[in-house]
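Have the viewer open as you read.

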Amino acid sequence: MSDKNRKKTSRKDRHNMVDRVAQDRNETEDYSMKNEMENGQEPQENGEKPRCTAIILAAGSGSRMQSAVAKQFLPLKEKPLIWYALHAVEESRIIDDCILVTAEQDIPYVREEIVQKYHFTKVNIITSGGAERYLSVGRALQLIADGRLKVPNEHGYVFIHDGARPFLTEKILEDTYAAAVQYQACVAAVQSKDTVKISDGEGFALSTPDRRTVWNIQTPQVFETSLILQAYERLKNRLPRMQEQGIQVTDDASVVELFTETRVKLVEASYQNIKITTPEDMKTAEAFLED
């Protein structure tokens, strides 16, 4: 839909709508009102909220975990690591359905020992990932573009989340959803606790950015469906040239930043929303669960 055809409300009205939603999260109709905000979707005629699809990425290896088992299947307090993100999605009132991306050889195991065993009914599709993160996301987005979900998501939102982040909460989903409706694109993030140095490439400090402006980016990263589909389509078309120039894509927000004029809103999340990458991270996660 073109911008000129979008229904507009005043900035004051939009913020009032956000406030009303935040005041009472127990009312199911709260979520249907957010889609009238700036740069968001047109209100649904039936009063329902826009469709929200989660893409859960679980195609990584266990190399940095020093494990022969892919990290997303390692046990964390008697549940496989991937269980936690899928459980948050399954229980969420924000998320309607899910595409689970895993390694091709793991699809039968994931279907039987994860999705079916734990009754994750929101998982519509299990698909294979690519060699790089952005390729895995691209494959999942193509399924959405092709209308492969049971209920199409043409005018809703896409939540892209790392399956190795087990501490996804409903509050993070609510907050990123509200921001995505208002700004079209957002990412979960936390302000850096540490001083950050920019390197000159030879191991020497080149500059020190103001720590107040430095954020550590997490997931979920949330976008209007049409926006993220357009951004990834442009990435696909320009990828060969980008690879020649050494331009790297490390997250989905950077794709939106590179190929659209939409600014990505940073949404304060949680320092517990860590990504499990090393054995030390697993110990930290176990400690969080014991609290």
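This is a predicted model: local features need pLDDT of at least 70, side-chain atom pairs count only at pLDDT 80 or more; totals for chains, interfaces and linings use all residues.

Residues are numbered from 1 along each chain as its sequence is written, and side-chain values use heavy atoms, leaving out hydrogens and water.

Start with the open sheet: seven strands in the order E5-E4-E1-E6-E10-E7-E11, with mixed pairing. (Strands, E, of at least two residues and helices, H or I, of at least four are DSSP runs numbered from the N terminus; two strands pair if DSSP finds at least two bridges between them.) Strand E5 (123–128) and strand E11 (265–268) each have a single partner strand, so one side of each has no neighbour in the sheet. From one strand to the next, the twist averages 25°, with axes fitted to C-alpha atoms (for helices, over the stretch in contact) and angles running from 0 to 180 degrees between N-to-C directions. Strands E7 (185–191) and E10 (215–224) pair in the antiparallel sense over six bridges; valine 187 has glutamine 221 in E10 as its bridge partner.

Contact here means heavy atoms within 4.5 Å. Helix H5 (residues 133–145) lies across E1, E4, E5, E6 and E10, at about 145° to E1.

What lines the largest cavity? The residues are Ala54, Ile56, Val89, Phe159, His161, Leu168, Leu173 and Pro220. A cavity is a set of points on a 1 Å grid over the protein atoms alone where a 1.4 Å probe fits but cannot get out, and lining residues have an atom within 4 Å of a point. Strands E1 (52–58) and E6 (157–162) each supply at least two lining residues.

On to the rings: phenylalanine 73 and tyrosine 109 form an edge-to-face pair, 5.2 Å centre to centre with 70° between the planes. (Rings of Phe, Tyr and Trp, its six-membered ring, pair with centres within 6.5 Å; planes under 30 degrees apart are stacked, over 60 edge-to-face, the rest tilted.)

Lastly, the backbone. The peptide bond from threonine 219 to proline 220 is cis, with omega near 15°, and proline 220 sits in strand E10. Lysine 77, not a glycine, has a positive phi of about 55°.

Notes: On a 1 Å grid over the protein atoms alone, a cavity is a set of points where a 1.4 Å probe fits but cannot get out, and a pocket is an open set with protein on both sides within 12 Å along at least five of seven lines; lining residues have an atom within 4 Å of a point.
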